[in-house]
Amino acid sequence: MCRATSMATNLAVAVATTAVGCMLVISLAPSRPDTGKSGPAAGRTMAATSGHAGSAARAATSALGAAAASTGPEEFASPTTGRIEVTAPEPGVDYKPNGSFSVAWSNSTGEEVDVWLRTSTGHGRSQRVALVATRAGAGPTGEALVTLPRVPPGPRYFLEVSTGDGAVSGFSRTFAITD
């Protein structure tokens with residue numbers, strides 16, 4: 001599939017999904033020209049973005065802009081793969097705002113990670129509150145000393161250890177922050 005056809009397909013999908021209010025955009029990247037084959041084994045990637053139809057259209061437009069800026073399929077970054085598992089802090093411990101403690105993880109992605117403080121907002125959702133450690137290492141195991149920001153007390157905080165692009169994340173168990 002040539003670049004122009006691929007971009008036209010992406011645009012058509014974005015317009016169609018926005019017009020009908022659908023919440024899924026599928027973006028296909030061209031196959032690798034060095035093999036003459038297509039399909040997942042030949043380097044074709046597929047990404048899906050869910051959410052509000054408007055955000056789906058913005059994601060498709062961003063993908064089109066990124067594709068147009070590159071000079072060939074070999075410049076498409078391969079998706080981050082692997083797994084991150086948070087092994088500390090232990091559950092059942094309460095922490096104080098501005099207090100410090102250690103977080104540990106195993107990381108098979110080979111990517112540097114960031115550590116975020118998150119809070120549960122209910123109904124299975126959560127949000128990032130603060131970045132508490134940046135570029136905390138890319139080794140198979142890692143550990144960082146984090147200092148909590150001043151946040152309201154509550155029982156539903158946890159840590160997210162995530163690759164810089166956010167493609168792979170691991171989460172700690174919930175803990176409380178008390179005064």
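1. pLDDT is the predictor's confidence in each residue, on a scale from 0 to 100. The model is predicted, and the mean pLDDT of the chain is 73, with 56% of its residues at 70 or more. Over residues 11-29 the pLDDT is below 50, although this stretch has 38 contacts in the model beyond near neighbours in sequence. Residues 31-72 also stay under 50, and here the model has 51 contacts beyond four places in sequence.

2. Which strands mark the two ends of the confidence range? Strand 2 (residues 46-50) has the lowest confidence, at a mean of 40, and strand 10 has the highest, at 96.

3. Strand 9 is joined to strand 6 by 7 bridges, and the two run antiparallel. Within this pairing, tryptophan 116 has glutamate 160 of strand 9 as its bridge partner.

4. Strands 9 and 10 form a hairpin with 5 residues between the strands, in which glycine 166 takes a positive phi near 75 degrees.

5. Strand 6 also pairs with strand 7 (residues 125-133), in the antiparallel sense and over 7 bridges. Serine 120 stands opposite serine 126 of strand 7. The hairpin of strands 6 and 7 has 2 residues between the strands, and there histidine 123 takes a positive phi near 55 degrees.

6. Is threonine 119 buried or exposed? Threonine 119 lies in strand 6, which spans residues 113-122. Its relative accessibility is 15%, and because the cut-off for buried is under 20%, threonine 119 counts as buried. Leaving out residues up to four places away in sequence, threonine 119 touches Arg125, Ser126, Gln127, Val129, Arg156, Tyr157 and Phe158. A polar atom of the threonine 119 side chain lies 3.5 Å from the backbone oxygen of arginine 156.

7. Serine 172 is found in the loop between strand 10 (169-171) and strand 11 (175-177). Despite its place in a loop, serine 172 counts as buried, at 10% relative accessibility. Beyond neighbours within four places in sequence, serine 172 is in contact with Val86, Pro89, Phe158 and Leu159.

8. What does the side chain of serine 172 approach? One of its polar atoms lies 2.8 Å from the backbone nitrogen of leucine 159. The C-alpha atom of serine 172 is also 9.9 Å from that of arginine 118, a residue 54 places away along the chain.

Technical notes:
Residues numbered from 1 in each chain as written. Predicted model: local features only at pLDDT ≥ 70, side-chain atom pairs only at ≥ 80, totals over all residues. Heavy atoms only, no water. Helix = DSSP H or I, 4+ residues; strand = E, 2+ residues; numbered from the N terminus. Buried < 20%, exposed > 50% of the residue type's maximum accessible area, 1.4 Å probe, protein only. Polar contact = N/O pair within 3.5 Å; in protein donor to acceptor, adjacent residues only side chain to side chain. Contact = heavy atoms within 4.5 Å. Pairing = 2+ DSSP bridges.
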